[in-house]
Amino acid sequence: MRSLTQLLIIDPQNDFCDLPVGWCPADPLTGEPIAPALPVAGAHADMGRLAAFIRGAAGALDDITVTLDSHNRLHIAHPTFWQTGEGGPVAPFTQITARQVRAGAFRPRDPAAEERALVYLEALEARGRYTLMVWPVHCEIGTWGHGVHADVRAAYNTWEVDRLKVVRKVAKGSNLWTEHYSALQAEVPDRTDPHTQLNQALLAALDTADVLVVAGEAGSHCVKATVEDLADNLPGGRPERLVLLTDCMSAVTGFSAQQDTFLRGMAERGARLTTSIDLLRELNR
């Protein structure tokens, strides 16, 4: 009996890709090219390789899932939420801790949000996986940046039509009070919002795979968090089912060590690290 192979693509979105100017549309209001908000160096090439893999492996792929970072403009990890203690703007790529907020170095622009923000920061820091990072506004719902890299989308659209199957889309990140790197749960789940809690339906769907191939952006953050949560929570266990396409993911600049540590850790847990070309050869034997 043939193994069931699924492909999980993490956040293959325009805002995360270092796209050439020719791949970027013009802003109809200004005429200027729209630039990706949070480009990951190497991501455009990653997505090109991933699109080629989807086309070449189409007959062997039984299911495809795409996750989509889906933020509102106002979000606890965006500059729109924060100000300095003196009331000035907070630059992207600033880290904020609960201690700094208590000391008055940073505070929410809405004074009523401070108590809840502190509760979040303390819970986040207690987990030990991330410190709050203020990212540029990115993957805003409804924008071009929220959309999928054109080559990847074209490849999986062809798969959908040829196989008469729908690519599963999973949105994450619309709750303004918590970061949501993992496709499976927010960094600090909100007990009042089921969309931030462990996604049991997605886990059940992915658990049907004998081989679960993972690619996407960024290897230091959303891929890392999703795969770690997969390994911890797949109902059927067996993290050796996970196959990570190392040439179809890159790290956020300055976070390469985090990606390297993640990949080593997953290999130690039994996951397989390979390239799209090598896996394509194997699937098409």
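## A tour of the sheet, its helices and its cysteines

Let's begin with something you won't find: this structure holds zero disulfides. Keep in mind as you click around that you're looking at a predicted model.

**Stop 1: the cysteines.** C24 counts as buried because its relative accessibility is 14%, and the cut-off for buried is under 20%. Now pick C139. The closest cysteine sulfur to C139 belongs to C222, 8.4 Å away, so that's too far for a bond as well. C139 has 0% relative accessibility, so C139 counts as buried.

**Stop 2: the sheet.** Switch to a cartoon view and look for an open sheet of six strands. Walk across it in the order β7-β2-β1-β8-β9-β10, and you'll see parallel pairing. Which strands stand at the edges? Select 168-172 for β7 and 272-274 for β10: each has a single partner strand, so one side of each is left without a neighbour in the sheet. Neighbouring strands here are turned by 20° against each other on average, ignoring direction.

**Stop 3: the β9 end.** Highlight residues 242-245, which make up β9. β9 and β10 run parallel and are joined by three bridges. Show L244 and then L273 in β10: they stand opposite one another.

Stop 4: Select residues 43-56 to bring up α1. Which strands does α1 lie across? Colour β1 (5-10), β2 (63-69), β8 (211-216) and β9, and you have them; α1 runs at about 160° to β1.

**Stop 5: α1 meets α4.** Two packed helices are described by the angle between their axes and the distance between the axes. For a close-up, show side chains for M47, G48, L50, A51, I54 and R55 in α1, which meet D151, V152, A154, A155 and Y156 in α4. Colour this contact by class and you'll get eight nonpolar, one polar and two charged residues.

Terms used:
Residues are numbered from 1 along each chain as its sequence is written. This is a predicted model: local features need pLDDT of at least 70, side-chain atom pairs count only at pLDDT 80 or more; totals for chains, interfaces and linings use all residues. Side-chain values use heavy atoms; hydrogens and water are left out. Axes are lines fitted to C-alpha atoms, for helices over the stretch in contact, and angles run from 0 to 180 degrees between N-to-C directions. Helices (H or I, at least four residues) and strands (E, at least two) are DSSP runs, numbered from the N terminus. Contact means heavy atoms within 4.5 Å. Ala, Val, Leu, Ile, Met, Phe, Trp, Tyr, Cys and Pro count as nonpolar, Asp, Glu, Lys and Arg as charged, and the others, Gly among them, as polar. Two strands pair if DSSP finds at least two bridges between them. A disulfide is a pair of cysteine sulfur atoms within 2.5 Å. Buried means under 20% relative accessible area, exposed over 50%, partly exposed in between (1.4 Å probe, protein chains only).
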